[in-house]
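I opened this notebook to record what I looked up in a single protein model.

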Amino acid sequence: MVHNIALSITVPSTTFRNVNYKKVIFYQIVVQYVAINGMMTAWQIFSRYNDFLELFKVLQHTCEDLETFEFPPKRVLNGPKSVMERKEKFEEFIRIAVVRLNPLPTELFLFLELDKHTSLSRTLQSNGNEA
């Protein structure tokens, strides 16, 4: 688990990609991390609905705000408005998790790819998947 790190998370856009001959929505997640020395690192991740759902299932019972959070249902999206609403709910979910879960659970740490883009990865690896 990771204690007291400075993160900014947004889900600014979506993109469609072909996966197994099907058009699939990917949600862009932009992560900004500020290290103790003040240096900022930023990266982006593209995740699908099921990636968010899997993380939500793991984290939903870890704090009251997530237990009562209305995760968007999996359904056919009817146009740009419904895609935007889902994107906004995903951003809200990730922000709640980052703010309320201190220290960060390993699953959230890995979902945000902190292990790949920060020096915190050494801590994660040296402690057997806990930073």
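The entries below go from the overall fold to single residues.

**Entry 1. Overall make-up**

I noted at the outset that this is a predicted model. I looked up the secondary structure and found 6 helices and 3 strands. Along the sequence, I read the order as β-β-β-α-α-α-α-α-α. I then asked what share of the 131 residues is buried. The value is 42%. For the accessible surface I recorded a total of about 8,000 Å², with 49% of that area belonging to carbon and sulfur atoms. I also looked up the contacts with a separation of 6 or more, and 49% of them are accounted for by residues 24 or more positions apart.

**Entry 2. The strands**

I turned to the pairing of the strands. β1 and β2 are antiparallel and share 12 bridges. Within this pair, I found Ala6 opposite Val34 of β2. β2 also pairs with β3, which spans residues 40-47, again in the antiparallel sense, over 8 bridges. Here I noted that Gln28 has Phe46 in β3 as its bridge partner.

I next examined the two hairpins. The hairpin of β1 and β2 has 2 residues between the strands. The hairpin of β2 and β3 has 5 residues between the strands, and Gly38 in this hairpin has a positive phi near 90°.

I also looked up Tyr33, which lies in strand β2. Tyr33 counts as buried because its relative accessibility is 7%, under the 20% limit.

**Entry 3. Helix α1**

Which residues of α1 are buried? I listed Tyr49, Phe52, Leu55, Phe56 and Leu59. These residues lie on the same side of α1, because they cover an arc of only 135° around the axis. I kept a general point beside this: an α-helix has 3.6 residues a turn, so residues three or four places apart point the same way. On the other side of α1, I found Glu54 and Lys57 exposed. The cover over the buried residues of α1 includes β2, β3, α2, α3 and α4.

**Entry 4. Helix α3**

I then examined α3, which runs over residues 80-100 and has 21 residues. From its first C-alpha to its last, α3 reaches 30 Å, close to the 30 Å expected at 1.5 Å a residue. Its buried residues include the nonpolar Val83, Phe90, Phe93, Ile94, Ile96, Ala97 and Val98. I noted that Arg86, Lys87 and Glu91 are also among the buried residues of α3. I asked what covers the buried residues of this helix. The cover includes β1, β2, α1, α2 and α4.

**Entry 5. The nonpolar core**

I looked up the largest nonpolar core and found 35 residues in it. Leu7, Ile29, Phe52, Phe93, Ile94, Leu108 and Leu112 have the most contacts inside this core. The elements that contribute two or more residues to it are β1, β2, β3, α1, α3 and α4. The largest share, 7 residues, comes from α3.

I followed Leu7 in detail. Leaving aside residues up to four places away in sequence, Leu7 touches Val31, Gln32, Tyr33, Val98, Leu104, Leu112 and Leu114.

**Entry 6. Backbone exceptions**

Most residues other than glycine have a negative phi, and most peptide bonds are trans. I therefore searched for departures from this general rule.

I found a cis peptide bond that joins Asn102 and Pro103, with omega about 10°. Pro103 is in the loop between α3 and α4.

I found that Asn20 has a positive phi, near 50°. Asn20 is in the loop between β1 and β2. Glu113 also has a positive phi, near 60°, and is found in the loop between α4 and α5.

Are these two residues buried or exposed? Asn20 is exposed because its relative accessible area is 68%, over the 50% limit. Glu113 is buried because its relative accessible area is 18%, under the 20% limit.

Key: Residues numbered from 1 in each chain as written. Predicted model: local features only at pLDDT ≥ 70, side-chain atom pairs only at ≥ 80, totals over all residues. Heavy atoms only, no water. Helix = DSSP H or I, 4+ residues; strand = E, 2+ residues; numbered from the N terminus. Expected span 1.5 Å × (residues − 1). Buried < 20%, exposed > 50% of the residue type's maximum accessible area, 1.4 Å probe, protein only. Contact = heavy atoms within 4.5 Å. Pairing = 2+ DSSP bridges. Core = buried A, V, L, I, M, F, W, Y, C linked by side-chain atoms within 4.5 Å. Areas by Shrake-Rupley, 256 points an atom, 1.4 Å probe, with all protein chains shown as cover. Arc of directions from axis to C-beta.
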